[in-house]
Structure formats: structure tokens, C-alpha cells
Amino acid sequence: MNKGCEGCRSGKELDFTFSMAFQPIYDVAVERVWGYEALIRGTAGEGAYQVLSQVQPEQKYLFDQSCRVKAIELASRLFPRGNGLKLSINFMPNAVYEPAACLRATLSAARTFDFPRQAMMFEFTEAEEIVDTDHLRKIIAEYRRQGFITALDDFGAGYAGLGLLADFQPDLLKIDMKIIRGVDTDRARQAIVRAIVGVARELGITVLAEGIETEAEFLVLKAAGIALFQGYYFARPAFEALPPLMQGMPDRVTVAA
């Protein structure tokens with residue numbers, strides 16, 4: 001038996017509850033919401049860190065699988081039909097044992113809740129140390145084969161930086177907020193952003209700037225050629241709901257009641 005499947009059956013059950021908040025990703029090129037990232041939250045309002053700190057090593061696989069199912073279940077209820085919205089889900093590469101086997105729960109949830117697999121994006125974060133690069137390569141290949149979008153999160157603030165990008169070319173690259181913060185007044189950060197955008201363009205990778213908090217940051221990054229944005233400037237995450245965008249920002253998305 002695959003050790004991942006065995007780990008799901010015999011691993012320690014989750015002894016805590018959790019749900020998801022949703023934060024929009026805005027596409028400035030077409031002036032509409034491109035999709036929403038599902039962010040882990042406790043059912044009593046706890047933040048992601050508080051929830052993740054409860055996950056024991058033997059629970060990582062089951063927790064990773066449960067997060068996917070919860071995100072798909074909620075998105076199937078909240079997303080308006082026919083809008084082409086993408087659902088962004090974070091996953092733990094070190095919790096995936098065998099890529100195809102570990103997607104069974106994801107694909108089953110997509111069928112159960114009638115959610116299109118091509119609308120799903122899976123993010124792996126640069127902040128998580130990759131212990132087996134060949135294994136991650138297999139994960140990305142399988143996810144693409146299934147029609148999922150792949151994304152590298154927290155780029156510029158994690159373990160590997162350009163080395164990880166050289167090994168793996170995801171569909172989308174999310175520039176970390178540590179590079180974004182104060183970019184409107186920092187020439188070094190502006191130069192770094194231009195370099196990232198240039199490299200991504202050469203590799204055919206879409207760039208998303210996350211953690212945008214001010215109009216000044218947004219305008220500088222927009223001028224640098226970035227089209228996808230996420231952050232408090234557009235909307236704060238909403239618990240089990242799709243939040244409206246900031247006043248005056250068109251979204252062209254009608255949320256079903």
C-alpha cells in the first residue's frame with residue numbers, strides 16, 4: 001500500500017476544527033476579480049498560524065487533504081457559476097507522498113461539488129524547505145497533467161529564491177510582500193521587481209504581487225507590468241464568504257445570494 005494512503009488511514013485524526021476565508025486576486029488588465037485564495041482560519045476566528053501550530057507531524061498528510069476538500073466545498077457554494085473564477089489552494093509539498101494518489105480526495109471533491117478542475121490553482125510556498133526536488137518536479141508534472149494551475153508563493157522571502165525558480169517553472173509567481181512593502185519609495189525594490197518581471201516574461205510565467213496595502217504600491221507595480229494583485233488595498237479576507245472590493249474598484253463579479 002502506498003505510504004501516503006496508509007498515512008491517511010492510520011495517521012492521527014485531526015483534533016481541531018478549521019475553515020477558510022477568501023481573499024480576491026484582482027486582474028487589472030480586464031478590471032475584474034481573477035480568482036480567490038482560500039486561507040486557513042479557525043472556526044472561532046483564529047488565524048492561520050494558530051491553526052497550523054496545532055498540526056502534528058503525523059497529521060500533515062490528512063490536514064493537507066482536508067484543506068483541499070474544505071476549500072473546494074466552500075468555493076462550489078460561493079463562486080458564481082460561469083464567471084471563470086480561479087480557486088487558489090495552498091498545499092504542502094512535503095505532505096504529498098505520491099502525486100497521483102494524493103489527488104484522489106481533490107478530484108473526488110471536485111466531482112462531488114461539481115467544481116471544474118481547470119479552475120483550481122495549487123500554490124507551494126518558497127518558505128517551506130523542499131527536501132526532495134525531484135519529488136516536487138513529479139508533483140508539478142502530475143498537477144499540470146490534471147489541468148491544474150501551479151504557483152510559487154512567497155517568492156523572494158524563502159529558502160531557495162532563483163534556484164527554486166530555475167528548477168521549477170510554475171504557471172504563476174507570487175512576489176512576497178517583503179519585497180512589495182514600500183516599493184513606491186525604494187529604488188532597490190523597484191529594480192528587483194523589474195528583474196523578476198523580466199525573468200518571468202522570458203519563462204512565460206505570470207506574475208502576481210501580493211500584500212498590496214497602498215495605492216502608491218499598486219501604481220508602481222502596475223507600471224512595472226504586473227497585472228495580478230492581491231492584498232488589503234483590494235479587500236481583506238472574509239470568513240466563508242467572498243468580500244467586496246474596495247470602494248470604486250470594479251470587479252464585474254456578481255456573488256450569488
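## Exercises on a predicted model

Glu210 is found in strand E7 (residues 206–210). Strands (E, at least two residues) and helices (H or I, at least four) are DSSP runs, numbered from the N terminus. This is a predicted model: local features need pLDDT of at least 70, side-chain atom pairs count only at pLDDT 80 or more, and totals for chains, interfaces and linings use all residues. Residues are numbered from 1 along each chain as its sequence is written, and side-chain values use heavy atoms, with hydrogens and water left out.

**Exercise 1.** Is Glu210 buried or exposed?

Step 1. Take the cut-offs: buried is under 20% relative accessible area, exposed over 50%, partly exposed in between (1.4 Å probe, protein chains only).
Step 2. Glu210 has 8% relative accessibility, so Glu210 counts as buried.
Step 3. Look at its surroundings. Leaving aside neighbours within four places in sequence, Glu210 is in contact (heavy atoms within 4.5 Å) with residues including Asp153, Asp154 and Lys174.

**Exercise 2.** Classify Ala48 by its accessibility.

Step 1. Ala48 sits in helix H2 (residues 48–52).
Step 2. Its relative accessibility is 26%, so Ala48 counts as partly exposed.
Step 3. Beyond four places in sequence, Ala48 is in contact with Ile40 and Arg41.

**Exercise 3.** How do H3 and H4 lie relative to each other?

Step 1. Helix H3 (residues 60–78) and helix H4 (residues 104–112) pack at about 15 degrees, with axes 9 Å apart. Axes are lines fitted to C-alpha atoms, for helices over the stretch in contact; angles run from 0 to 180 degrees between N-to-C directions.
Step 2. Angles under 35 degrees count as roughly parallel, over 145 as roughly antiparallel, 65 to 115 as roughly perpendicular and the rest as oblique.
Step 3. H3 and H4 are therefore roughly parallel.
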